[in-house]
Amino acid sequence: MNACPKYFVDNSDRLWYYIMSEQFVRGLLLVGLVLLGVISVKASDSIEEKKEQQKKVVCYVGTWAVYRHGLGRFDIDHINPHLCTHLMYGFFGINEDATVRIIDPYLDLEENWGRGHIKRFVGLKNVAPGLKTLAAIGGWNEGSRKFSKMAASAELRKRFIYDCVAFCQHHGFDGIDLDWEYPAQRDGNPLIDRNNHAQLVEEMRSVFDQHGLLLTAAVASVEFSAGLSYDIPRISKSFHFLNVMVYDMHGAWDSYTGINAPLFRGPADQTELQRQFNVDASIRFWLSSGAPAEKLILGIPLYGRSFTLANAANSQVGAPVIGGGTAGPYTGEPGVMGYNEFCEKLGKESWDLRWSPEQQAPYAVRNNQWLGYDDLRSIQLKVQYLLDQGLGGAMVWSLETDDFNGVCGGGRYPLMNEIRSLLNGGTPSPTTTTSWPPSTRPPASTQPTTTTGAPGSSDRPCAGGQTGFVPHPTDCSRYFMCLGEGIAFEFSCPSGTLFDPILNVCNWSDKVECDIS
């Protein structure tokens with residue numbers, strides 16, 4: 001019995017003609033292309049979703065560091081592009097006519113025998129496929145006035161936006177990092193800047209999308225400043241991501257010592273305003289104001305803020321000061337100390353290294369000099385914090401103040417390598433450990449830990465090249481930090497606490513089992 005319908009049996013010649021016709025073949029091709037397109041779109045979406053899920057490592061470069069002397073000199077060749085997902089070229093400015101301004105033509109361009117920094121910077125994408133390079137426009141020195149003027153005029157906004165596009169296309173940048181510091185502040189217009197800033201970035205994003213460009217920003221972090229400058233729900237929709245500058249919480253402008261970028265508030269933070277000066281309070285403000293967690297990039301400073309104490313005998317957090325600390329040999333700015341500058345000092349000078357358990361950050365004292373900074377241990381805590389909060393990644397200011405030459409014994413870029421590793425699922429460096437379990441809550445309040453001695457010990461606790469924390473063999477309230485090659489620093493815990501060998505911190509005595517008789 002023939003299973004074919006009678007129509008097809010009786011009209012087999014017609015059917016064959018139709019199948020072989022150009023119209024039918026085109027139809028089959030069209031269907032195939034549609035199916036292929038659906039598969040491609042799904043694959044592309046999958047790739048993009050995977051990219052979006054990856055944590056960002058945003059690295060700013062202060063390009064003027066090429067003019068520093070000795071080991072502080074930082075050229076494009078010093079950049080390891082594999083450490084970052086996004087590289088920010090700092091900085092370009094803005095002209096009165098709302099066009100992009102080249103601040104240092106000799107450094108940035110090749111014309112007139114220039115150094116050609118831009119071309120070399122953008123060329124790093126050839127070394128690290130997938131790397132994005134962005135032009136950062138603004139910064140602290142550029143101020144707010146010209147941005148305010150531009151944002152207040154529809155004509156000037158349009159000119160600025162399209163000049164940004166042309167600038168990126170000409171030089172090969174993947175987008176613009178808008179560093180207006182800050183709307184409604186610093187010679188800006190406090191009455192209209194906030195709304196004009198939001199209008200500007202909405203218009204920028206619309207045009208940038210047409211040209212496949214990224215739009216990001218470095219933004220103020222603390223509530224009293226960020227709340228004044230930004231319409232957070234609006235700008236969060238327009239920017240691809242926001243680099244939150246959760247540092248410079250304290251500095252030479254203060255009359256008392258304070259840690260540059262503490263994770264949590266400390267006992268010296270007594271007023272409502274002072275309680276805002278920490279990473280946790282700032283991030284919680286941005287989240288509660290409507291910013292999506294995945295768009296917030298946590299700023300981590302690779303430098304510290306220093307002070308000159310009014311009285312060397314009073315050196316705790318919150319102690320009176322008479323100004324900024326002595327300038328570092330490379331940065332040359334009183335009140336600032338690059339991590340590379342400080343770690344070199346530790347190899348030559350004896351500093352009293354301390355830890356604030358409330359603020360989860362280190363500080364150091366030497367005579368009348370006081371420094372609040374970040375080290376591997378505090379950076380591990382910050383990365384864990386951003387992971388707990390579901391933030392989009394980490395940002396650093398800036399590459400040239402890490403130990404990029406590797407002169408301090410931790411290899412090249414010890415801080416950056418730690419950040420990159422932890423954001424890619426790595427484990428904390430074995431030389432330091434976090435002092436609180438993975439959680440978004442601050443630890444219980446204790447007194448700061450202080451150092452009590454110089455390198456070395458009679459019982460040689462760090463013999464055999466051991467690194468990390470080691471309990472004291474005869475006193476549970478003391479411990480050693482081993483740096484390898486037999487080098488040891490001795491610490492003692494505050495009254496009422498003992499060294500906890502499990503958490504590697506000073507913990508309440510009833511929480512620690514002391515086996516020493």
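This is a predicted model: local features need pLDDT of at least 70, side-chain atom pairs count only at pLDDT 80 or more; totals for chains, interfaces and linings use all residues.
**Exercise 1.** Classify the aromatic pair of W64 and W397, and locate its two members in the chain.

*Solution.* A search of the whole structure finds 22 aromatic pairs, and W64 with W397 is one of them. Step one is the geometry: the centres are 6.2 Å apart, and the planes make an angle of 40 degrees. Step two is the class: planes under 30 degrees apart would count as stacked and over 60 as edge-to-face, so this pair is tilted. Step three is the location: W64 belongs to the loop between β1 (56-62) and β2 (86-94), whereas W397 is in strand β15 (residues 393-397). The pair thus links distant parts of the chain, 333 residues apart. Step four is accessibility: W64 counts as partly exposed because its relative accessibility is 37%.

**Exercise 2.** Which class describes the pair of F92 and F167, and are these residues buried or exposed?

*Solution.* The centres of F92 and F167 lie 5.0 Å apart with 70 degrees between the planes, and the pair is edge-to-face. F92 is in strand β2 and F167 in helix α7 (residues 154-171), so the pair ties together parts 75 residues apart in sequence. Both F92 and F167 are buried. Finally, F92 and F167 belong to one aromatic cluster with Y89, F121 and F173.

Methods. Residues are numbered from 1 along each chain as its sequence is written. Side-chain values use heavy atoms; hydrogens and water are left out. Rings of Phe, Tyr and Trp (its six-membered ring) pair if their centres lie within 6.5 Å; planes under 30 degrees apart count as stacked, over 60 as edge-to-face and the rest as tilted. Helices (H or I, at least four residues) and strands (E, at least two) are DSSP runs, numbered from the N terminus. Buried means under 20% relative accessible area, exposed over 50%, partly exposed in between (1.4 Å probe, protein chains only).
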